[in-house]
Amino acid sequence: MSREMWALVVVGGILALATLVGAVLLAVRVIRTRRLLGSLGVGGKVAFYGALIYTVLPVDVLPDPIYLDDMGVLAGALIYLGRLAHRRRTADRPPPGHAGALPDGSGTAPGQGQSRQIVS
């Protein structure tokens, strides 16, 4: 093989390795979101398991040495799960000025249900 061909093979191998590392890192981040699945509902579970199954199965849009489609599916699942988690947090948080909210905005007091007197 000529020098140019070896250089092309090396660059291609480096790019394939970089996309593999990126796909693995995204898969790890998706797996870490598993603890949120109970509170994210059916849509969160479908996005989580669908992304992992698509990444693991050999049937892909692009051949397996090119992990760009897997990375896209994993990144899409992460974005979707992040938005679901953000919506869940904002829905669970009482609005400012709500009777159960403390003046510092931290929500309810420890030992919920006890009255708290604020002295100024």
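I'll start with Asp-69, which is buried but has no salt bridge; the nearest side chain of opposite charge, that of Arg-29, is 18 Å away. Buried here means under 20% relative accessible area, exposed means over 50%, and partly exposed is in between, with a 1.4 Å probe and protein chains only. A salt bridge needs a side-chain nitrogen of Lys or Arg within 4 Å of a carboxyl oxygen of Asp or Glu. For charge, Lys and Arg count as positive and Asp and Glu as negative, while His and the chain ends are not counted.

Before going on, the source: this is a predicted model, in which local features need pLDDT of at least 70 and side-chain atom pairs count only at pLDDT 80 or more, while totals for chains, interfaces and linings use all residues. Residues are numbered from 1 along each chain as its sequence is written, and side-chain values use heavy atoms, with hydrogens and water left out.

What does the side chain of Asp-69 make a polar contact with? The partner is the side chain of Tyr-54, at 2.8 Å. A polar contact is a pair of N or O atoms within 3.5 Å; within protein, one must be able to donate a hydrogen and the other to accept it, and residues adjacent in sequence count only if both atoms are side-chain atoms.

Asp-69 belongs to helix α3, residues 68-92. Helices (H or I, at least four residues) and strands (E, at least two) are DSSP runs, numbered from the N terminus.

Next, Thr-55, in helix α2, residues 37-56. Setting aside neighbours within four places in sequence, Thr-55 is in contact with Asp-70 and Leu-74, where contact means heavy atoms within 4.5 Å. Thr-55 and Asp-70 are 15 residues apart in sequence, and their C-alpha atoms are 5.3 Å apart.

Leu-37 is also found in helix α2. Is Leu-37 buried or exposed? Leu-37 counts as buried because its relative accessibility is 5%. Beyond four places in sequence, its contacts are Gly-44, Lys-45, Phe-48 and Tyr-49. From Leu-37 to Ala-85, 48 residues away in sequence, the C-alpha distance is 9.2 Å.

Now helix α1, residues 3-32, where Trp-6 lies. Trp-6 has a relative accessible area of 48%, so this residue is partly exposed. Together with Met-1, Met-5, Leu-8, Val-9, Val-10 and Ile-14, Trp-6 makes a nonpolar surface patch of about 750 Å². Patches are made of residues with over 30% relative accessible area and no salt bridge: like charges are joined within 9 Å, and nonpolar side chains (Val, Leu, Ile, Met, Phe, Trp, Tyr) within 5 Å.

Thr-19 lies in helix α1 too, and counts as buried because its relative accessibility is 17%. A polar atom of the Thr-19 side chain is 2.9 Å from the backbone oxygen of Ala-16. Val-24, another residue of helix α1, has 44% relative accessibility and therefore counts as partly exposed. Its C-alpha is 9.7 Å from that of Tyr-67, 43 residues apart along the chain.

Last, the totals. The chain has 120 residues, of which 22% count as buried. Its accessible surface is about 9000 Å², with 66% belonging to carbon and sulfur atoms; areas come from the Shrake-Rupley method with a 1.4 Å probe, and for residues only the protein chains shown count as cover. Among contacts with a separation of 6 or more, 49% are between residues 24 or more positions apart.
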